[in-house]
Amino acid sequence: MQGLNIYSLLKKLFPICRSITGNGVRETLRIIKEVIPLDIYEVTSGTRVFDWTIPKEWNVQDAWVKFNGQKVIDFKLNNLHLVNYSVPVNCKIHLSELKKHIFTHPDYIPYVTSYYKESWGFCLKQEDFYRLEEGEYEVFIDTSLTSGSLTYGELFIKGKKKEEILFTCYICHPSMGNDNLSGTVLLTYLAKELLSKDLEYSYRFLFIPETIGAITWLAKNDVSNIKYGLVCTCVGDKGKFTYKRSRRDSKINKIVEKVLLDSGENFKLVDFFPNGSDERQFCSPGFNLEVGSLMRSMYNEFKEYHTSGDDLNFVQPYFLEDSYLKYLEVVYILENNKKYINLNPYCEPNLGSRGLYNLTGGVKEVPVSNIAIKWVLNLSDGENDLLDIAIRSGIRFREIVIATERLKEVGLIIVV
Ligand code: ZN
């Protein structure tokens, strides 16, 4: 079961303290590279990328707060305790001053960042915050914020066509499972699977820091071959699937919606909105790429989002496997969605004489329905592709493909 492999990679990556730059990202990419042959890129701090500048590189060794010589907050127990991108600090301050640097959440340790404003802080569960006693505290943050680089990983898999399908995820969050290690590990195994296949489309996988990484990649690369894309995030929890459509009308929306419909499960469709993850950059008006996002529970819609509650229990192998299979199904439709022409368009051909009538188990022992055969024959006029036929008929895409294969075998249709 692939879900167990995906989950075990997630477990291995979970403890690493990642950020939008730094050694946590490098270590994460190095481990992914043990599974797939990633190319790793470094872009120097200070580089202009559209309206943004690559920030200084941040690294962290340790961070804690002590009271009466005892650690009361400890980064080493959970890296979410430290505000991501905190500047170095070594001082003694009174509780009232310390409180100005503490962020809380009622149930969990919240995830807080300060990438573009130099500051420092700690994050605590509310009850731990209330437990802090009056007095003087020792604050120690051993971090560095220096000129370095932003790191990202990329894998290109060449297919027969030069048109590319983009699968992208972000690798900048510290110890959280669903947002977004789940997307990172799912795409690692999806890429591994596609590497072993003979493909029609070319596929490009990006492992980038969210927002600034997407902006950087878009500033440095030619996107003219990108046909469709998906941002893979929040795919490991038990929630039902959510598909966020691309900004512009696109076949990728129809494909993902058909995959979800064919699964027979409940799911939710959301129209594009200019917030969320990297689809914001890929669908910005200058690019307007056909990129959507297939998730389970959408970010912001689960209470564990951006907290320590999004842990190794919140994501489970079964759900990762289920999401992985949905992504594979998207690839299946992409790879098999072709147009055919009916070579016998004047009235229905005689199906009985070709062994196609009332066939419930053909020679290949795959059930093929007469109605699927009739839909394929009727709509294969060079205008409709198999996805159009599957959507219009309400028949599962895979069943339409089986019917198409039989019709091809008996010479009733040919590919356009
Ligand atoms: Zn996030």
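Asp, Glu, Lys and Arg count as charged, Gly is among the polar residues, and Tyr, Cys and Pro are among the nonpolar ones. The legends below describe a predicted model.

Figure 1. At least two lining residues come from each of strand 13 (226-232), helix 7 (251-263), helix 9 and strand 18 (381-385). Domain 1 (2-55 + 149-335) and domain 3 (339-415) each give at least three residues to the lining.

**Figure 2. The largest pocket has a volume of about 420 Å³.** Its lining holds 21 residues, with Glu210, Thr211, Gly276, Arg280 and His306 closest to the centre. By class, 11 lining residues are nonpolar, seven are polar and three are charged. At least three come from each of domain 1 (2-55 + 149-335) and domain 2 (57-146).

**Figure 3. The zinc ion is held by His173 (NE2), Asp179 (OD) and His306 (NE2), at 2.1 Å.** Along the chain the donors are spaced H-x5-D-x126-H. His173 sits in the loop between strand 11 (164-170) and helix 5, while His306 sits in the loop between strand 16 (291-295) and helix 9 (317-336), so the pair ties together parts 133 residues apart in sequence. His173 is buried, at 5% relative accessibility. His306 is partly exposed, with a relative accessible area of 22%.

**Figure 4. The largest cavity holds about 50 Å³ of space.** The count is one cavity of 30 Å³ or more. Residues lining the largest cavity include Arg18, Thr28, Tyr170, Cys172, His173 and Asp179. Helix 5 (residues 177-195) gives the largest share of this lining, four residues. Six lining residues are nonpolar, four are polar and two are charged.

**Figure 5. The cysteines form zero disulfides.** Cys169 is in no disulfide, and its nearest cysteine sulfur, that of Cys232, is 6.8 Å away. The cut-off for a disulfide is a pair of sulfur atoms within 2.5 Å. Cys169 is buried, at 1% relative accessibility. Cys172 is in no disulfide either; the nearest cysteine sulfur is that of Cys169, 9.7 Å away. Cys172 is also buried, with a relative accessible area of 1%.

Conventions: Residues numbered from 1 in each chain as written. Predicted model: local features only at pLDDT ≥ 70, side-chain atom pairs only at ≥ 80, totals over all residues. Heavy atoms only, no water. 1 Å grid on protein atoms, 1.4 Å probe; cavity = no way out; pocket = protein on both sides within 12 Å on 5 of 7 lines; lining within 4 Å. Points joined across faces, edges and corners; volume = space filled by probe spheres on them. Donors = N, O, S within 2.8 Å, 3.2 Å for Na, K, Ca; no water. Buried < 20%, exposed > 50% of the residue type's maximum accessible area, 1.4 Å probe, protein only. Domains from an automatic or database assignment.
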